[in-house]
Amino acid sequence: ALNALALMLAQAKAVDGSPELWVASARGHVARFHRGAWRVFSAADGLTTGSAEHLVSVRGDSGSTVYVAGRGGVFVLRRTADGERFERLPGAPDNAYRVEVVPTTDARSHSVWVGTTDGRVLQWDGASWHTISTRLSDTHGTITMLHHLAGHGGGSAVYAAARGAYLVRLS
């Protein structure tokens, strides 16, 4: 069962193009509503985190890719002919609190940005993690918001916020 503590929502598309509603709970489960039925994902499905603090979906040619941030790291839903399973991104930081997916400049791929409970922001380029320098980590704690804004200033920008209403532009 899905505990209703601190729910986060995201829309997605299934492989067949039909809509999905995803829900994350701070108690560690993620659920999907698709074609009139709920499915709850947990550790048995590879989601080995004590919390699911945030989730985002990225639409692709074969359905949406779903990312989940939680105490156990950052997880991505892999959809194959054998089924669906969450996998932890290699080297993902523990205590992930926010996740955002940002298209690359050529729009053919993306990078994954993560904010943690200790105020760090990291970027995954598909091969390794890079720490993004911010003024937030030293004094303000948990990254409470990460947001990609397309078309900002003729390009793209990523913003982060921390407790205490501090907002910084990171890219």
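Modeller: Let's start with accessibility: buried means under 20% relative accessible area, exposed means over 50%, and partly exposed is in between (1.4 Å probe, protein chains only). This is a predicted model, where local features need pLDDT of at least 70, side-chain atom pairs count only at pLDDT 80 or more, and totals for chains, interfaces and linings use all residues. Residues are numbered from 1 along each chain as its sequence is written, and side-chain values use heavy atoms, with hydrogens and water left out.

Biologist: Why is N95 called partly exposed?

Modeller: Its relative accessible area is 34%, so N95 gets the in-between label. N95 sits in the loop between strand 8 (83-88) and strand 9; strands here are DSSP runs of E, at least two residues, numbered from the N terminus. N95 also has a positive phi of about 60 degrees, although it is not a glycine.

Biologist: And what makes R35 exposed?

Modeller: R35 has a relative accessible area of 61%, and the cut-off is over 50%, so R35 counts as exposed. R35 is in the loop between strand 3 (30-34) and strand 4 (37-41). Its phi is near 50 degrees, a positive value in a residue other than glycine.

Biologist: How do you know that the side chains of E20 and R79 make a polar contact?

Modeller: The term needs a pair of N or O atoms within 3.5 Å; within protein, one must be able to donate a hydrogen and the other to accept it, and residues adjacent in sequence count only if both atoms are side-chain atoms. The E20 and R79 side chains are joined at 2.9 Å, so they qualify. The side chain of E20 also makes a polar contact with that of W22, at 3.0 Å.

Biologist: What makes a set of residues a nonpolar core?

Modeller: They must be buried Ala, Val, Leu, Ile, Met, Phe, Trp, Tyr and Cys residues, joined through side-chain atoms within 4.5 Å. The largest such core has 15 residues, and V74 and W129 are among those touching the most other members. Strand 9 (96-103) is one of the elements giving two or more residues to this core, and its three residues are the largest share. Apart from it lies another core of 14 residues, among them A10, L47, L55 and F86.

Methods:
Helix = DSSP H or I, 4+ residues; strand = E, 2+ residues; numbered from the N terminus.
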